[in-house]
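This briefing covers a predicted model, with its sequence and coordinates shown below.

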Amino acid sequence: MQTFLDALFLQAGYNAALVSIGAALLGFAAGSAGTFLFLRKRALVSDAVAHATLPGVGIAFIVMVWLGGDGRSLLGLLAGSALTAWIGLLLIEWITRRTRLAEDAAIGAVLGVFFGLGVVLLTVVQSMSAGRQAGLETFLLGSTAGMLFEDAVVIAVGGSLTVLATWLLRRPMTLVAFDSEYAAAMGYDVRRIDLLMMGLVMAVTVIGLKLVGLILIVAMLIIPAVTARFWTDRSHRVIWIAGAAGGASGYLGAVISASAPSMPTGPIIVLVAAAIFVVSLFFAPGRGVLAAVMRHRRFQARVHRRQGLLALAAQHPIREAYTVRLLAREGLVRPDGVPTDAGRAQAAKVARDERRWDVAREVHQDAGLTGRYDGLTPIEEVFTRDEIDEFDRRLGPPMGLGDV
Amino acid sequence: MGAEFVQFSLTPILIGIFAAIACALPGNFLILRRQALIGDAISHVVLPGIVVAFLLTGMVAAIPMMIGAAGAAILAVILIEAVKRLGQIEPGAAMGVVFTTMFAAGVLILEQTDTSQVHLDVEHALMGNLESLIWFRADGWGSLLDPAALASLPDELPRIALVCALVVVLTLVFWRWLKIATFDEGFAQALGIPAAAVGFGLMVTAAVAAVAAFDAVGSIIVIAMFICPPAAARLMTNRLAHQVWWSVAFATLSAILGYVFAGYGPLWFGAQNAVSAAGMIATVSGVILGLACLFGPHRSRVGAGRDEAA
């Protein structure tokens with residue numbers, strides 16, 4: 001526990017602190033950039049982009065060794081990965097535009113083929129005598145062990161720049177994500193904005209290679225965005241909530257990973273993000289499962305209550321046990337189903353409202369008002385006091401239950 | 001092309017061909033149903049499946065691991081459906097959430113348990129090791145008739161051959177149902193075909209094929225073979241039966257050429273070491289798809305004029 005708290009407050013050593021801050025920044029950038037991808041319904045493009053970085057890493061290494069360099073310079077490797085990721089993106093776009101293959105087939109094809117090519121290049125690198133042990137495999141799953149200060153700076157600066165770019169581009173990207181045809185009509189170049197959006201995703205992927213690896217960076221782009229969608233229906237809030245969820249999972253994941261042995265950073269970050277997602281899925285207000293269940297229960301109770309009262313008004317027995325329980329709890333009937341005085345009064349009110357609605361439908365031809373009749377909406381919410389008085393005038397004086 | 005070929009190359013090539021065909025057949029229908037990425041998702045969740053199977057049984061045996069992987073694949077399909085329905089999330093994102101989470105869990109469990117003495121690691125799972133599946137006891141083509149030598153074939157060969165045969169039989173038996181349910185689900189239901197069950201069966205078959213292929217050749221081939229050969233075949237013809245035959249041909253060609261390029265290609269360039277065969281097979285399938293995209297007779301969308309498609 002102490003090690004966890006140390007790590008949480010950045011006291012667990014210089015390297016761990018660097019990793020935590022870098023992970024938080026990366027998580028924020030991934031969450032906010034991934035939101036647009038999710039809203040554009042192209043979440044899995046990020047998977048292809050991530051896998052398409054692998055051949056770039058291999059090529060960059062080979063080229064750098066060939067030029068007499070070390071081959072392990074992070075910036076060089078990231079530049080190579082960005083190059084092939086970009087080629088992969090353009091290929092997906094080209095395949096979907098030029099052929100009749102659907103986008104999912106294009107994504108899968110680019111993903112599998114680039115990854116295969118990357119593995120081929122990795123085996124080439126392994127057999128190169130000049131390469132020493134390149135350790136390029138760490139890009140598959142990420143590795144924070146022995147992360148240098150320069151690497152952390154690359155992640156921090158890159159993450160900040162991505163967040164800044166997301167902020168600058170948020171308006172056109174939101175527009176395209178929601179309604180690309182409207183955006184085109186407004187004079188935006190949809191294709192270019194799509195590519196910019198993908199460029200941001202690619203930037204996040206490349207920056208995250210070292211930290212979480214190319215297989216799991218996809219999770220940081222998708223999960224926070226999906227999570228944020230549960231909490232709000234407003235696009236600008238989704239972006240920042242997703243950023244916050246991503247940042248929190250990045251930071252917490254790095255902290256947990258630093259505080260215990262055999263806790264690889266990338267997977268832990270993803271699992272923290274997934275935990276936040278599951279909590280949101282069930283407990284978010286509005287779109288969460290629990291909220292939906294409660295909404296359904298409330299609706300059910302209102303329907304049963306009303307049908308029960310209508311039955312009382314018509315002096316039918318109530319046979320539904322749930323309805324009886326519901327009315328008994330309110331003191332409207334006795335447990336055996338016989339109405340109390342309060343129950344009779346409520347029943348008379350419901351029955352009278354029903355007749356008021358009948359009159360309302362005759363008097364008002366305005367479907368916008370009478371169309372709101374669903375048997376549950378109180379008539380007082382739809383019509384004014386004066387209008388209801390008018391209905392009552394036409395109905396005649398209130399009647400006792402027996403007279404209905 | 002003598003004894004050495006039979007000893008070192010024949011079995012890997014056969015395993016590669018069977019794996020490629022077993023994946024490409026269900027891939028045809030997945031592509032037409034716009035579910036191509038299910039193959040990607042399945043190949044990611046295979047890892048947690050085999051890790052959990054290893055933890056439960058404590059041994060690196062093929063059967064429990066395949067059961068574990070198949071279980072994980074089916075669990076993933078169910079979870080994706082649950083997330084999609086419960087959260088009203090579009091299928092792609094739901095898939096992304098589920099398979100990355102399961103993969104992360106698999107990596108974590110693997111790191112947490114001491115598996116250093118057994119050969120079970122992530123890279124091996126991803127890349128496979130087709131080259132190592134050689135036939136030690138063979139000493140020429142005559143060994144094909146020698147029961148003693150045949151008994152020493154690598155276990156992966158009969159296993160993947162069996163699964164491949166199973167997939168072929170299933171495709172033939174359910175051909176009509178698959179065809180109708182894939183193109184017009186409503187019509188299929190009107191005919192009394194259990195379309196939902198056919199869809200789920202297709203997923204399970206794809207999972208079984210993926211797991212068996214994964215066991216022999218790693219997950220790269222699985223992803224590439226689910227998509228590339230059928231996608232290339234889709235650009236060659238408008239008839240489903242022809243498309244399936246094309247995809248089988250492309251899958252076979254990828255496996256053979258990929259293995260040959262990986263094993264002998266570097267030697268032509270004066271290099272010493274072979275490169276990854278699984279990766280090369282995937283690459284060749286991508287080149288075939290690229291050629292089909294450029295020159296396939298039915299590459300454009302129906303109804304789209306050449307200007308529009310360009």
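The buried residues of H3(B) are Met65(B), Met66(B), Gly68(B), Ala69(B), Ala70(B), Ala72(B), Ala73(B), Ala76(B), Val77(B), Ile80(B), Val83(B) and Gly87(B). They pack against helix H13 (265–283) of chain A, and within chain B against helix H2 (38–57), helix H4 (91–112) and helix H10 (195–217).

**Helix H3 of chain B**
- Helix H3 of chain B covers residues 62–87, and its 26 residues should span 38 Å at 1.5 Å a residue; the end C-alpha atoms lie 37 Å apart, which agrees.
- An α-helix has 3.6 residues a turn, so residues three or four places apart point the same way.
- Gln88(B) follows H3(B) and has a positive phi, near 50 degrees.

**Contact between the chains**
- Chain B contributes 54 residues to the contact, and chain A contributes 48 residues.
- On the side of chain B that touches chain A, the elements giving two or more residues are H2, H3, H4, helix H5 (122–127), helix H11 (219–234) and helix H13 (277–295) of chain B.
- H4(B) gives the most to this side, with 14 residues.
- By residue class, the side of chain B that touches chain A comprises 31 nonpolar, 15 polar and eight charged residues.

**Chain A overall**
- Chain A has 19 helices and zero strands.
- Its radius of gyration is 31 Å, well over the 22 Å that the globule rule gives for 404 residues, so chain A is more spread out than a compact globule.
- The C-alpha trace of chain A spans about 100 × 55 × 35 Å along its principal axes.
- The domain assignment divides chain A into domain 1 (2–281) and domain 2 (290–403), and the centres of these domains, taken over C-alpha atoms, are 56 Å apart.
- Of the 404 residues in chain A, 47% count as buried.
- For contacts in chain A between residues at least 6 apart in sequence, 70% join residues at least 24 apart.

**Confidence**
- The model scores ipTM 0.90 and pTM 0.86.
- Chain B has a mean pLDDT of 85, with 92% of its residues at 70 or more.
- Among the elements of chain B, H13(B) has the highest mean pLDDT (93), and helix H14 (residues 306–309) of chain B has the lowest (46).
- Over residues 305–310 of chain B, pLDDT stays under 50, and the model has four contacts beyond four places in sequence for this stretch.
- Where pLDDT is low, the predicted coordinates should not be read in detail.

Definitions and conventions:
Residues are numbered from 1 along each chain as its sequence is written. Chains are lettered from A and ligands numbered from 1 in the order in which they are written. This is a predicted model: local features need pLDDT of at least 70, side-chain atom pairs count only at pLDDT 80 or more; totals for chains, interfaces and linings use all residues. Helices (H or I, at least four residues) and strands (E, at least two) are DSSP runs, numbered from the N terminus. The radius of gyration is taken over C-alpha atoms; the globule rule is 2.2 Å times the number of residues to the power 0.38. A residue is buried if 20 or more other C-beta atoms lie within 10 Å of its own, exposed if 12 or fewer, and partly exposed in between; C-beta atoms are placed from the backbone. Two residues are in contact if their C-beta atoms, placed from the backbone, lie within 7 Å. The expected span of a helix is 1.5 Å times one less than its number of residues. Ala, Val, Leu, Ile, Met, Phe, Trp, Tyr, Cys and Pro count as nonpolar, Asp, Glu, Lys and Arg as charged, and the others, Gly among them, as polar. Domain bounds come from an automatic or database domain assignment. pLDDT is the predictor's confidence in each residue, from 0 to 100.
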